[in-house]
Amino acid sequence: PSLYYKLLLICVTFFMCLLGIGVGMLVREYGKLSNLDKFYFSFPGEVLMRMLKLIILPLIISSMITGVAALDSSVSGKIGLRAVIYYFCTTVIAVILGIVLVVTIKPGVPQTANEIDRVGSTPEVSTVDAMLDLIRNMFPENLVQACFQQYKTKREKVEATTGVDKNSSTLTEEPVTTATTAEASENKTQEYKIVGMYSDGINVLGLIVFCLVFGMVIGKMGEKGQVLADFFNALNEATMRIVQIIMWYMPIGIVFLIAGKIIEVEDWEIFRKLGLYMATVLSGLAIHSTIVLPLIYLIIVRKNPFRFAMGMAQALLTALMISSSSATLPVTFRCAEEKNFIDKRITRFVLPVGATINMDGTALYEAVAAVFIAQLNDLELDIGQIVTISVTATAASIGAAGVPQAGLVTMVIVLSAVGLPAEDVTLIIAVDWLLDRFRTMVNVLGDAFGTGIVEKLSKKELEQMDVTSEVNIVNPFALETTPLDNDESETKKSYINGGFAVDKSDTISFTQTSQF
């Protein structure tokens with residue numbers, strides 16, 4: 001019956017997606033909703049998002065710690081290295097694929113930037129600060145705060161003293177020529193100071209780094225660390241059961257999530273104008289997810305990749321609906337462990353890291369978008385600039401933690417690296433919410449294939465660990481008879497010397513735990 005339920009859940013989820021699209025279209029056409037009504041309409045969808053985000057924190061913490069603690073430190077290092085190499089390779093392939101497509105299809109050539117309506121505002125980002133913030137966030141100064149806030153630095157201008165200079169710079173802000181800047185720099189160079197602030201959102205990177213180290217330490221502690229390991233194992237188990245409960249609410253939430261999003265869209269005209277650009281991104285994502293990733297999986301694992309992808313169907317649908325790879329994590333875990341039977345030691349270690357670092361879809365999207373904006377501005381990109389785009393798109397996609405629309409911030413980094421106008425991000429914001437869903441789906445699929453591939457490559461180490469743990473379980477006293485006696489006599493002596501009564505509880509508890 002469990003298989004039947006799982007299939008039912010997938011079918012219901014898929015049906016509800018379609019229903020959501022239908023409801024959204026109908027309400028949009030016939031129900032003239034005010035802004036308030038739209039907000040209230042999408043409320044059940046908001047509840048689903050909140051539930052999934054609620055479970056991210058205990059899930060990441062418990063799964064990372066148990067995953068790393070269950071592995072030897074040497075093994076976890078090897079597995080981590082394999083995972084990172086896989087993530088890096090797929091991301092680079094995705095970027096190259098995106099650039100090849102956008103250069104051949106040329107979606108931006110028939111249009112100019114002025115024909116497209118701008119939407120939203122440009123986030124202010126400097127590349128160096130963004131990269132440093134990434135490293136700062138890896139080492140949060142307060143662990144509790146890292147659960148709900150990220151650190152961010154911002155540049156503020158230090159007011160210049162000369163009044164004339166300040167006026168002239170504001171007047172000639174847009175078309176700054178070299179002459180005026182040279183004059184200004186003789187008077188006074190613009191000074192900046194960096195101001196640190198916290199913005200809301202889970203600092204996933206910091207938590208992952210901490211949990212990695214914490215898990216390794218627990219694994220090294222052996223007997224003493226067992227209590228903690230058991231605690232986090234139980235936490236992980238409990239979290240997964242809560243996820244199961246959330247899964248049953250999911251179909252209802254999804255209808256309203258999608259319908260609400262469709263009602264919100266102001267004009268569909270923009271989709272026609274950006275149609276070719278969207279087609280380029282989507283075809284790139286399609287090729288990457290149906291040809292590139294399955295091919296890598298097939299070559300390494302020698303199993304049917306499409307059966308594996310079907311096992312991940314529910315996670316992929318969820319990613320498509322809520323467009324956040326972190327929020328999809330709970331579902332990804334269930335699919336990978338229960339349907340594709342991947343070793344839990346691998347999934348717990350690889351998936352949380354993958355949801356943060358592995359962003360194939362985002363990297364592809366950023367490369368395409370950057371070249372598209374260059375084409376809109378009639379700029380010919382030389383080889384050097386295209387290489388720069390691919391390198392920054394790869395780096396920036398790693399930096400974009402799994403939050404919705406983080407792509408826009410990293411997009412600005414990619415644009416400013418090649419000297420394209422950063423405010424042109426506003427041209428593509430209008431369709432970003434739609435493309436965001438598809439690229440999240442590709443990100444999640446990439447993570448999932450990663451677990452299968454890493455498991456296959458790490459089979460030898462995992463089997464070795466199974467053998468050693470079996471030896472310990474079968475007869476825990478066989479290997480450790482003599483040292484145990486010595487320990488006993490030493491502890492008794494020390495107690496007597498210290499003037500304590502001889503206490504046997506220590507030795508008893510030790511034998512109990514080793515039997516356990």
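Predicted model: local features only at pLDDT ≥ 70, side-chain atom pairs only at ≥ 80, totals over all residues.
Which hand does the crossing of α17 and α20 have, left or right? The crossing of α17 and α20 is right-handed, a term used when the near helix is turned clockwise from the far one by less than a right angle, with anticlockwise making it left-handed.

Residues are numbered from 1 along each chain as its sequence is written, and side-chain values use heavy atoms, leaving out hydrogens and water. Helices are DSSP runs of H or I with at least four residues, numbered from the N terminus.

Here are two of the helix pairs. Axes are lines fitted to C-alpha atoms over the stretch in contact, and angles run from 0 to 180 degrees between N-to-C directions.

| Helix pair | Angle | Axes apart |
|---|---|---|
| α9 (residues 204–221) and α16 (residues 344–357) | about 155° | 10 Å |
| α17 (residues 360–376) and α20 (residues 425–457) | about 155° | 7 Å |

That makes α17 roughly antiparallel to α20, the label for angles over 145 degrees. Their contact (heavy atoms within 4.5 Å) includes Tyr365 and Phe372 of α17, along with Leu435 and Arg439 of α20. By class, the residues are ten nonpolar, four polar and three charged. Here Ala, Val, Leu, Ile, Met, Phe, Trp, Tyr, Cys and Pro count as nonpolar, Asp, Glu, Lys and Arg as charged, and the others, Gly among them, as polar.

Now for α9 and α16, which are roughly antiparallel too. Their crossing is left-handed. On the α9 side, Val204, Leu205, Ile208 and Leu212 meet Phe349, Pro352, Val353 and Thr356 of α16. That contact has seven nonpolar residues, one polar and no charged.

Helix α16 also meets α20: their axes come within 9 Å and cross at roughly 140°. This crossing is right-handed. Among the residues in contact are Ile346 and Val350 of α16 and Thr451 and Val454 of α20.

Finally, take a look at α3 (residues 43–69). Its 27 residues reach 40 Å from first C-alpha to last, close to the 39 Å expected at 1.5 Å times one less than the number of residues. There's a kink of about 30° at isoleucine 56 in α3, shortly before proline 58; the bend is the angle between axes fitted to the seven residues ending there and the seven starting there.

Methods:
Helix = DSSP H or I, 4+ residues; strand = E, 2+ residues; numbered from the N terminus. Parallel < 35°, antiparallel > 145°, perpendicular 65-115°, else oblique.
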